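Here is a short note for a colleague who is opening this structure for the first time. Please keep the view open while reading the points below.

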Amino acid sequence: PDAGGRDFNRREERRMTVPAIFTMEEAAERLRISRRALQDIVKGHPFYFTNGSRKLFTEADLASLILL
């Protein structure tokens, strides 16, 4: 235990959350727009990351697109 009495080796302390990742199709569905409309939007506002040739979106990316 550290000075505060907490044991940082506990499993709960080491657990990391993985952000939700959405494909182009999933992101479009979540935004309630067509895949084609999403493709047009991200041409001018690239809020996504790629994995190979696939465009992937996080919750934060989708929130940024909503605020446009």
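1. Start with E59 and R30. These two residues form a salt bridge, with the closest N and O atoms 2.7 Å apart. A salt bridge here is a side-chain nitrogen of Lys or Arg within 4 Å of a carboxyl oxygen of Asp or Glu. The pair links distant parts of the chain: E59 lies in helix α4 (residues 59-66) and R30 in helix α2, 29 residues apart. Helices are DSSP runs (H or I, at least four residues), numbered from the N terminus.

2. A word on the model. It is predicted: local features need pLDDT of at least 70, side-chain atom pairs count only at pLDDT 80 or more, and totals for chains, interfaces and linings use all residues. Residues are numbered from 1 along each chain as its sequence is written, and side-chain values use heavy atoms, with hydrogens and water left out.

3. Partly exposed lies between buried (under 20% relative accessible area) and exposed (over 50%), with a 1.4 Å probe and protein chains only.

4. How many salt bridges does a search of the whole structure find? The search finds four. One of them joins the side chains of R35 and E25, at 2.9 Å from N to O. This pair, too, links distant parts of the chain: R35 is in helix α3 and E25 in helix α2 (residues 24-31), 10 residues apart. R35 is partly exposed at 39% relative accessibility. E25 is partly exposed at 41%.

5. Now look within helix α3. The side chains of D40 and R36 meet in a salt bridge, 3.2 Å from N to O. Both residues lie in helix α3, four residues apart, or about one turn of the helix. D40 is partly exposed, at 39% relative accessibility. R36 is partly exposed as well, at 48%. Salt bridges that share partners join R36, D40 and K43 into one network.

6. Finally, the nonpolar surface. Which residues make a nonpolar surface patch of about 240 Å²? I41, F47 and L68 do. Patch members have over 30% relative accessible area and no salt bridge; nonpolar side chains (Val, Leu, Ile, Met, Phe, Trp, Tyr) are joined within 5 Å, like charges within 9 Å. Accessible areas come from the Shrake-Rupley method with a 1.4 Å probe; for residues, only the protein chains shown count as cover. I41 lies in helix α3 (residues 35-44) and is partly exposed, with a relative accessible area of 33%.

Methods:
Helices (H or I, at least four residues) and strands (E, at least two) are DSSP runs, numbered from the N terminus.
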